[in-house]
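User: Hey, can you walk me through this one? I'm new to reading structures.

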Amino acid sequence: MNVIERMRDILDNFPEISVLHQDMTDDSPGGYALASVGDVLLSADILGGQTRQHSFMFYAVFSGINDYERIANSGFLLDLAMWLESNAGAEVTAVSGNDTLTGNIKEINTANGMLLSLPDDSVFGGVQYQLQITVVYTLEV
Amino acid sequence: MNDTYTSGKLQRSHLRHLIDSTFGGVSPSWFLLGKDIEDMSMELNPNTSTVKNILDESSVKDEGYEPSMTADPYYANPGDAIYDKVKAIAFERKKGDDCKTKLLEVIIDKTTGPYDAWQEDCIVKPTAYGGAQGGVNIPFTITPCGNRVSGTVTISNGVVTFTPASENTNNSESNDESNDESNDG
């Protein structure tokens, strides 16, 4: 499982997410999606082992008619952040040439959880939140 | 005859340092150093001194080398073959022969083995333990201490086997006799 597949697997196992789409959500409340936005090499050891960072955007559409619902939505993002953090150690793989490299997720951090847009231009049709997720992982030769 | 790399720089992973995880066992079991380490060098620490005689001639005295190498970080991992020994040396303050093992240096500058290699006795000394959040770090210094033997190494299924050359090379740093080279000053 590469890091994208592994993160989808982790999110699929979050109890409050039923269906996880890729890149874009449904506009109705209960829509979730994960988008992969970049991967960067952070460091390499002298044996060729790598530490990399992969960035994701997570989108979620909730009902957000009033403050109570929007506070609950923020609570969802907080619960999700802590759930993700607890999944450090999960195995990841990557293909390099003819070799399959294996490694582990070292840490999963989240940032900038915020209300992103109103798909229907009104709070009554659902509000879309985003959460930036960064995954630091290793690959061993 | 082995093909030799003829152009392009060798990747750092082509120079490998291994230590005998048995620390004095009959058959060496080589443990590869380098995981998590971004920079590690054998510091040769050459010693030379220059004196000028009354004829204004300079004389350079070559006093050899005092090589050492530091593996930092070494994150304690009970699954590593060297873990028990490094742990014991650090926490039980062991010294002398308890810290003695063999170092194997291999340079992979051919496309197929066997590869040129050098084996030498060495002392392993942890310099600290602890470190920041994320892992127990026990960095250690490796000090070669003689009996340097050149030879070749084969690597098969991850198992490293060292074969001494028929003619051993003993150009160890600390036991070398000093060589004098004179230059007119």
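This is a predicted model: local features need pLDDT of at least 70, side-chain atom pairs count only at pLDDT 80 or more; totals for chains, interfaces and linings use all residues.

User: Okay, how many helices and strands does chain A have?
Analyst: Chain A has 2 helices and 6 strands. Reading from the N terminus, the order is α-β-β-β-α-β-β-β.

User: And what does the C-alpha trace of chain A span?
Analyst: About 55 × 25 × 25 Å along its principal axes. Chain A has 141 residues, and 40% of them count as buried.

User: At what angle do helix 1 and helix 2 of chain A cross?
Analyst: Roughly 125°, with the axes of helix 1 (residues 3-12) and helix 2 (residues 67-85) coming within 10 Å. That angle is why helix 1 of chain A counts as oblique to helix 2 of chain A. The crossing of these two helices is right-handed.

User: Which residues meet there?
Analyst: From helix 1 of chain A you get A:M7, A:I10 and A:L11, and they meet A:L80, A:W83 and A:L84 of helix 2. By class, that contact has 6 nonpolar residues, no polar ones and no charged ones.

User: New topic: how many residues are in the largest nonpolar core?
Analyst: It has 29 residues, and A:M7, A:F58, A:F76, A:I105 and A:I133 have the most contacts inside it. Several elements of chain A supply at least two residues each, including helix 1, helix 2 and strand 3 (50-62). Strand 6 of chain A gives the most, with 7 residues.

User: Back to A:M7 then. What is A:M7 in contact with?
Analyst: Setting aside neighbours within four places in sequence, A:M7 is in contact with A:L34, A:F56, A:L84, A:I105, A:I108, A:I133 and A:V135.

User: Let's jump to chain B. Where is B:S41?
Analyst: B:S41 sits in the loop between strand 2 (30-32) and strand 3 (42-43) of chain B.

User: What does B:S41 touch?
Analyst: Not counting residues up to four places away in sequence, B:S41 touches B:S68, B:M69 and B:T70.

User: And how far apart are B:S41 and B:I54?
Analyst: In sequence they are 13 residues apart, and in space B:S41 and B:I54 are 40 Å apart, C-alpha to C-alpha.

Definitions and conventions:
Residues are numbered from 1 along each chain as its sequence is written. Chains are lettered from A and ligands numbered from 1 in the order in which they are written. Side-chain values use heavy atoms; hydrogens and water are left out. Axes are lines fitted to C-alpha atoms, for helices over the stretch in contact, and angles run from 0 to 180 degrees between N-to-C directions. Helices (H or I, at least four residues) and strands (E, at least two) are DSSP runs, numbered from the N terminus. Angles under 35 degrees count as roughly parallel, over 145 as roughly antiparallel, 65 to 115 as roughly perpendicular and the rest as oblique. A crossing is left-handed if the near helix is turned anticlockwise from the far one by less than a right angle, and right-handed if clockwise. Contact means heavy atoms within 4.5 Å. Ala, Val, Leu, Ile, Met, Phe, Trp, Tyr, Cys and Pro count as nonpolar, Asp, Glu, Lys and Arg as charged, and the others, Gly among them, as polar. A nonpolar core is a set of buried Ala, Val, Leu, Ile, Met, Phe, Trp, Tyr and Cys residues joined through side-chain atoms within 4.5 Å. Buried means under 20% relative accessible area, exposed over 50%, partly exposed in between (1.4 Å probe, protein chains only).
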